[in-house]
Amino acid sequence: MVVRVSGRREAVIRLLLLVAITAAFLLPLAWTALASLGVLPDNSSRPPSWRGRATLDHFSEIVVAEPAFWQELATSTLAALVAACVTVAVSFPAAFALARSRFPGNRTLTQAFLVLASLPAMAYVIPLSDLSRRVHLIDTLAGVTISEAAVTAPLAVFVLHGSLSRLSTEWEEAAVIDGAGLVRILGRVVLPIAFPSVAATLLVMFVLDWNLLLVPLVLTSGEVKTIPVALSDFFTFERELDWPTAAAALMVSLAPLALLVGLFHQALESFALRAPGGPDIG
Amino acid sequence: MLLAPLAILLGGWLLVPALVGLAATLTTYSPLSTTFAFVGGQNYSRVIADPQFGVAVRNIVIFTLVAVPLELSLGFLIAYLLRRPIWGRSWWRILLLLPWLVSPIASGVMWHYLLAGATGIANFALGWLGGPEIASPIGDVHLALPATIAVEVWRVTPFVTFLLLPGMTAIPQERWEQAMLAGAPLHRRLLDVAIPDMLPLLLTVGMLLVGLSLGAFDTVLILTGGGPGTATLTPALYSYDRAFVTNDWPIGAASAWLIAAAVGLVGAVYVQLSRRWSSA
């Protein structure tokens with residue numbers, strides 16, 4: 001009885017804390033959203049007030065400040081989408097192979113993928129840009145896409161390995177007895193069972209690819225620009241960009257991700273990092 | 001055979017460039033020059049001797065030591081709050097993930113204006129309290145680094161919560177109830193129930209966060225550009241600047257390899273620790 005009462009009180013406290021924390025984390029975004037509508041704080045008046053009427057004009061001003069904005073949005077979408085698919089397509093079979101084979105050092109190899117995933121982009125982009133120039137992949141959408149796929153692959157392997165190594169193998173074994181080939185087992189047996197975590201990985205990879213800066217930045221001299229590269233231009237070249245327009249551009253570049261996460265939040269719940277050898281979770 | 005596509009992708013776009021780059025750092029190689037000579041470790045000794053690089057290392061050590069524990073503990077606490085079904089849990093999860101969806105560079109742009117006096121949040125709040133107007137902390141030598149860290153913590157903490165939540169919900173409810181019946185206060189429940197179960201996961205997330213911090217680049221580039229002076233200079237900014245702005249390619253590549261070496265060292269510690277903790 002005591003436990004139940006204090007449990008209920010704790011639930012209320014928990015909810016209140018959640019509201020406060022969520023508000024604190026979202027306040028900067030709300031501030032930006034207001035600015036994109038032209039509603040700005042007037043900090044010089046006492047007490048501070050708001051000025052400006054809500055308008056959608058700043059969204060149309062994005063194109064004035066950055067004429068290629070919509071094209072860059074399309075580039076970002078295409079590059080991130082293809083890169084995420086390529087990443088998952090090559091990581092899935094590899095993670096399966098790692099999860100089912102038992103050779104010494106298997107575990108360390110899996111952990112090496114996590115270390116590789118933690119490696120900052122700066123560590124390898126300098127020679128990457130040079131080599132891409134030499135094989136004429138610089139300033140091409142293909143070059144940017146493949147490179148994005150490569151840098152996010154280690155994390156995908158680690159995550160997919162975690163979920164595949166905990167799947168029951170009885171269906172696979174049944175398929176082997178039925179004489180199914182490897183490709184068939186992967187496509188028809190393993191993929192459907194592992195689908196939730198594959199979909200979640202795909203979504204997270206899309207977000208990561210969409211937000212990459214250094215990799216696309218060093219692989220382009222302006223022909224193929226993603227949104228983050230365009231944003232960095234504004235500041236490195238000291239171009240004038242007023243805050244409401246910048247805020248509108250930020251909102252537009254955040255919207256697709258927010259929409260995806262909102263639509264597929266249930267799939268995201270199966271995204272779990274599982275430490276090799278750690279306890280079963282999720 | 002199943003590993004072949006991955007091997008091609010990683011080999012061609014990650015490992016070969018990295019190794020070719022490593023070999024190149026022992027020479028005076030630069031894409032712009034036609035000849036180059038072998039110089040051994042000279043590029044590395046030049047980087048290490050550069051006082052600017054020393055400042056960058058000091059900054060990134062502070063950055064990592066403050067940001068990573070903050071991100072982990074805040075993310076852990078929020079995951080604890082979301083652990084049990086609660087009214088509107090999936091909504092809280094989506095809303096709390098939003099800051100991570102903002103790209104590091106967009107976060108830099110956003111906070112550049114949010115911290116500024118005229119459009120900022122702090123001055124708006126201070127105005128209500130009757131306080132004086134303050135200048136943006138990113139222009140202040142002493143406040144720029146803490147402000148940069150705070151911006152990064154804002155963006156990364158939601159991701160940590162997202163990664164820790166599956167581990168938190170997997171802890172059986174009885175374990176919490178037992179601890180509660182035993183009258184354990186909240187902090188003891190967290191330390192004795194949650195931490196031991198989640199140690200491997202915390203270690204894994206910690207590894208990712210350390211790597212992320214040691215390579216801090218995007219947000220800092222926009223927010224402060226490493227300034228004022230060198231107050232927020234990071235090794236990644238240093239290396240980018242040498243390779244692509246001042247065209248001192250060998251120095252840029254060598255300093256980038258030092259970042260990789262640091263992450264490699266942390267990675268070795270990670271492998272050792274996770275071996276020990278899972279066998280214990």
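In chain A, the C-alpha centres of domain 1 and domain 2 lie 33 Å apart; the bounds of these domains come from an automatic or database domain assignment. This is a predicted model, where local features need pLDDT of at least 70, side-chain atom pairs count only at pLDDT 80 or more, and totals for chains, interfaces and linings use all residues. Residues are numbered from 1 along each chain as its sequence is written, while chains are lettered from A and ligands numbered from 1 in the order in which they are written.

**Domains of chain A**
- Domain 1 covers 2–55 and domain 2 covers 65–268.
- Five residues of domain 1 are in contact with six residues of domain 2 (in contact: C-beta atoms, placed from the backbone, lie within 7 Å).
- On the domain 1 side, that's two nonpolar, three polar and no charged residues (Ala, Val, Leu, Ile, Met, Phe, Trp, Tyr, Cys and Pro count as nonpolar, Asp, Glu, Lys and Arg as charged, the others, Gly among them, as polar).

**Where chain A meets chain B**
- Chain A puts 80 residues into the contact and chain B puts in 89 residues.
- Helix H1 (residues 2–36) of chain A gives the most to chain A's side, with 16 residues (helices are DSSP runs of H or I, at least four residues, numbered from the N terminus).
- Chain A's side has 60 nonpolar, 16 polar and four charged residues.

**A helix pair in chain B**
- Helix H8 (residues 173–181) and helix H9 (residues 186–214) of chain B pack at an angle of about 145°, with axes 10 Å apart (axes are lines fitted to C-alpha atoms over the stretch in contact, and angles run from 0 to 180 degrees between N-to-C directions).
- Arg175(B), Trp176(B), Ala179(B) and Met180(B) of H8(B) meet Arg189(B), Asp192(B) and Val193(B) of H9(B).

Key: Two residues are in contact if their C-beta atoms, placed from the backbone, lie within 7 Å. Helices (H or I, at least four residues) and strands (E, at least two) are DSSP runs, numbered from the N terminus.
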